[in-house]
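Dear colleague,

I am passing the structure below on to you, together with notes on what was found in it. Please read them beside the model.

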Amino acid sequence: MTVAPTTESAVTDGPAAPTPSRHESRKKTEGMTIAGIALRTPYWVFTGAVALIFLAPLVWTAVASVSPQPGTNQVDGWGFGNYRTLAAYQAGIWRYLANSAFVSLLTVTLTLLISFLGGYAFARFRFPGKNLLFLVTLAILMVPYATLLIPLYVLLNQVGLQNSLVGVALVLTMFQLPFSTFLMRISFEAVPRELDEAAMVDGCSSFGALWRVLLPAVKPGLITVGLFGFLAAWNDFMAPLILINDSERMTLPLAVSNLRGQVQGVVDYGATEAGVVVLALPCIVLFLLLQRHYVRGFMSGALKG
């Protein structure tokens with residue numbers, strides 16, 4: 001005799017719940033989408049307004065540098081007369097660009113090297129007075145920048161580095177080291193100690209573990225330090241103004257400032273705006289290229305633990 005199969009769910013669970021129709025699912029999804037857009041719209045409006053506020057001066061400067069202006073080298077029609085004025089000023093723009101590039105690259109190199117080793121030492125080693133030494137390093141941030149330039153001028157003059165691009169780079173490196181060392185320390189502390197310990201178990205020395213394991217792990221922090229160092233050195237005006245006397249050794253910000261009033265105190269706004277555009281372009285390009293690593297470098301300390 002054949003017994004008809006019975007489903008246990010039909011006995012215990014009762015009638016099945018009604019399945020929502022496709023129309024109801026679509027309506028619910030559309031409602032969630034509309035709610036999400038409504039919640040995000042104020043954020044988009046606010047960030048768009050902030051972006052316009054920051055971009056408007058730069059766009060205005062770029063347009064004004066090629067537009068006709070009375071009292072400049074670009075009087076009739078649109079063109080690059082102001083840039084020709086900038087290129088022909090004293091030693092030439094290429095000389096000033098080379099000076100700024102040399103100072104910036106030397107500052108970045110020294111800052112990366114010293115802050116990398118200093119951050120590693122503060123994060124991985126224990127020694128007497130470590131925290132006190134770290135606080136003293138950070139205390140440099142509380143000293144006003146301009147108040148130290150005259151003593152540094154006297155010191156560099158005694159060692160033969162006054163009126164030298166190397167001396168300017170050393171001064172800028174000194175002011176970059178506190179923040180850079182702090183950032184590299186939290187970058188190293190965000191990396192588990194088990195990684196370098198495992199590398200040492202596998203036969204690496206302390207230097208080998210630092211070079212092969214920890215260096216790739218803290219690369220975002222290094223990129224952030226390098227970007228900050230480049231921006232500070234490329235745009236710095238005070239240190240070259242105090243330390244540089246020779247017109248051929250001026251950096252680009254100092255040259256643009258001198259160009260601004262070169263003819264009987266009359267301001268050449270066109271050439272000044274062209275100089276601002278030339279100064280801003282490398283910073284904008286570098287920031288856009290390294291933006292992802294820059295954000296990761298700042299987030300490395302926040303993700304610790």
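N258 counts as partly exposed because its relative accessibility is 33%, where buried means under 20% relative accessible area, exposed over 50%, and partly exposed in between, with a 1.4 Å probe and protein chains only. The residue N258 sits in helix α12, helices being DSSP runs of H or I of at least four residues and strands runs of E of at least two, numbered from the N terminus. Leaving out residues up to four places away in sequence, N258 touches Y89 and M250, contact meaning heavy atoms within 4.5 Å. N258 and T272, which are 14 residues apart in sequence, are 9.5 Å apart in space, C-alpha to C-alpha.

Please keep in mind that this is a predicted model, in which local features need pLDDT of at least 70 and side-chain atom pairs count only at pLDDT 80 or more, while totals for chains, interfaces and linings use all residues. Residues are numbered from 1 along each chain as its sequence is written, and side-chain values use heavy atoms, with hydrogens and water left out.

As for the fold, the protein has 13 helices and 0 strands, and buried residues make up 36% of its 305 residues. Of the contacts between residues at least 6 apart in sequence, 73% join residues at least 24 apart. The unreviewed UniProt entry annotates "transmembrane region" over residues 43-63, 101-123, 132-154, 166-188, 209-234 and 269-290, and such annotations, given in the numbering used here with shortened feature names, may be inferred rather than shown by experiment. In the model, residues 43-63 are 100% helix and 0% strand, with end C-alpha atoms 29 Å apart, and residues 166-188 are likewise 100% helix and 0% strand, with end C-alpha atoms 30 Å apart.

Apart from its neighbours within four places in sequence, V171 is in contact with L149, L152, L156 and L243.

Grid points are joined across faces, edges and corners, and a volume is the space filled by probe spheres set on the points. The whole structure holds 1 cavity of 30 Å³ or more, and the lining of the largest cavity consists of L86, Y89, Y96, L252, A255, V256 and L259, with α12 giving the most, 4 residues. The largest pocket holds about 220 Å³ of space and is lined by V50, A51, F54, L55 and L58.

With best regards

Definitions and conventions: 1 Å grid on protein atoms, 1.4 Å probe; cavity = no way out; pocket = protein on both sides within 12 Å on 5 of 7 lines; lining within 4 Å.
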